[in-house]
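This report is meant to be read with the sequence and the 3D view side by side. It goes through a few regions in turn and names the residues to look for in each.

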Amino acid sequence: MIYFAIAAGILLIALFCHYQNNTIDVTEHTVFSDKIGESVKLVHLSDLHSKPFFKVIDITKELKPDIIMITGDFINDRCKRKDKMLEFGKELLKIAPVFYITGNHERRLECFDELMKELKNTGFTVLLNEISEIKVNGNLISVLGLDENQASFEAYSERKKGIFEYKDMRPYFEEFDLHGGFKIVLSHFPEDFEAVKEMNYSQYDFDIQLSGHAHGGQFILPFIGPVFSPGQGFFPKYARGAKGEKPKLIISRGLGNSEFPLRLFNHPEINVITLMKPQK
């Protein structure tokens with residue numbers, strides 16, 4: 001009887017963990033702007049970490065986005081399941097154009113340049129400190145994709161000690177000023193929006209920033225909130241939800257896991273962002 005109870009307990013824990021890691025939340029955001037005529041729907045994916053999560057494909061198809069944006073860590077730092085993830089990317093491209101930036105995991109890969117070529121050949125718009133424009137439903141959308149220097153383990157250590165030297169992204173934002181339309185910044189690291197003193201991104205003129213990386217804090221505890229994020233430490237401020245108005249930061253809790261295999265009260269998340277003209 002004791003063995004049966006133990007087995008039942010283990011099974012329940014396993015089912016609970018599977019539920020926590022594989023139940024996808026769809027979070028909706030609406031952004032109003034005078035730059036938008038007919039509405040535009042964006043799907044924001046982040047931090048798949050080499051998990052070919054085909055439930056994501058099904059949900060994204062149902063959402064019928066105009067654009068899909070991926071904010072890094074699509075493939076993890078061991079390049080696991082690369083071919084499956086490239087096939088996954090091809091499925092996304094059947095739904096809508098895909099804009100992609102790197103995360104810290106891709107940046108650690110020895111085959112980084114080769115992977116970027118493969119993603120481009122797949123059809124992704126890969127942005128490495130680059131700007132791209134797209135016309136959607138009569139609207140001009142300009143996208144700045146940032147490729148930040150925060151990927152190494154040495155960088156994590158230096159950030160913790162407060163001695164890390166952040167890359168100055170001002171030249172890319174100055175170039176972005178020359179572009180029109182609704183402006184979206186893709187940055188893997190959400191804390192760079194306003195926590196990086198004089199180099200924060202919120203000082204610049206754009207509309208929304210999409211970010212990931214923090215995995216929602218990995219655990220989200222009642223009355224406490226997100227628990228931990230690399231680069232932010234315990235009880236991170238920039239781990240989920242939205243911050244600010246213009247510019248506005250929208251953070252994805254991500255879809256996969258990296259080194260730590262379990263989410264707790266923090267389901268994988270797809271963000272859906274609808275851009276609309278202001279309501280009268």
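The model discussed here is a predicted one. From strand 8, the side chains of Phe 182, Ile 184 and Leu 186 point one way, while Lys 183 and Val 185 point the other way, and all of these residues are buried.

In general, strands of a sheet pair through backbone hydrogen bonds, and they may do so in either a parallel or an antiparallel way.

Both kinds of pairing can be followed from strand 2. Strand 2 (residues 40–45) and strand 16 (residues 269–276) run antiparallel and are joined by five bridges; within this pairing, Lys 41 has Thr 274 as its bridge partner, and His 44 has Asn 271. Strand 2 and strand 3, by contrast, run parallel and are joined by four bridges, with Leu 42 standing opposite Ile 67 in strand 3. Five of the six residues of strand 2 are buried, so strand 2, too, is largely enclosed by the rest of the structure.

## Helix 2 across the sheet

Which residues of helix 2 are buried? They are Val 56, Ile 57, Ile 59, Thr 60 and Leu 63. The cover over these buried residues includes strand 1, strand 2, strand 3 and strand 16, together with helix 3 (82–93). Just after helix 2, Lys 64 takes a positive phi of about 55 degrees.

## Salt bridges

Across the whole structure, a search finds 14 salt bridges. One of them is formed by Asp 207 and Lys 35, whose closest N and O atoms are 2.9 Å apart. This pair links distant parts of the chain, since Asp 207 is in the loop between strand 8 (182–186) and strand 9 (208–211) and Lys 35 is in the loop between strand 1 and strand 2, 172 residues apart. Asp 207 is buried, with a relative accessible area of 5%, whereas Lys 35 counts as partly exposed at 35% relative accessibility. Both residues belong to a network of salt bridges in which Lys 35, Asp 205, Asp 207 and Lys 246 are linked.

A further salt bridge joins Glu 194 to Lys 237, with the closest N and O atoms 3.7 Å apart. This pair also links distant parts of the chain, with Glu 194 in the loop between strand 8 and strand 9 and Lys 237 in the loop between strand 13 (233–234) and strand 14 (241–243), 43 residues apart. Glu 194 is partly exposed, with a relative accessible area of 34%. Elsewhere, the side chains of Glu 91 and Lys 94 meet in a salt bridge of 2.9 Å, N to O; here Glu 91 counts as partly exposed at 22% relative accessibility, while Lys 94 is exposed at 63%.

Gly 231 lies in the loop between strand 12 (228–229) and strand 13, and at 40% relative accessibility it counts as partly exposed. Leaving aside residues up to four places away in sequence, Gly 231 touches Tyr 156, Arg 159 and Glu 191. The C-alpha atoms of Gly 231 and Phe 189 are separated by 8.8 Å, and these two residues are 42 residues apart along the chain.

Terms used. Residues numbered from 1 in each chain as written. Predicted model: local features only at pLDDT ≥ 70, side-chain atom pairs only at ≥ 80, totals over all residues. Heavy atoms only, no water. Pairing = 2+ DSSP bridges. Helix = DSSP H or I, 4+ residues; strand = E, 2+ residues; numbered from the N terminus. Buried < 20%, exposed > 50% of the residue type's maximum accessible area, 1.4 Å probe, protein only. Contact = heavy atoms within 4.5 Å. Salt bridge = Lys/Arg side-chain N within 4 Å of Asp/Glu carboxyl O.
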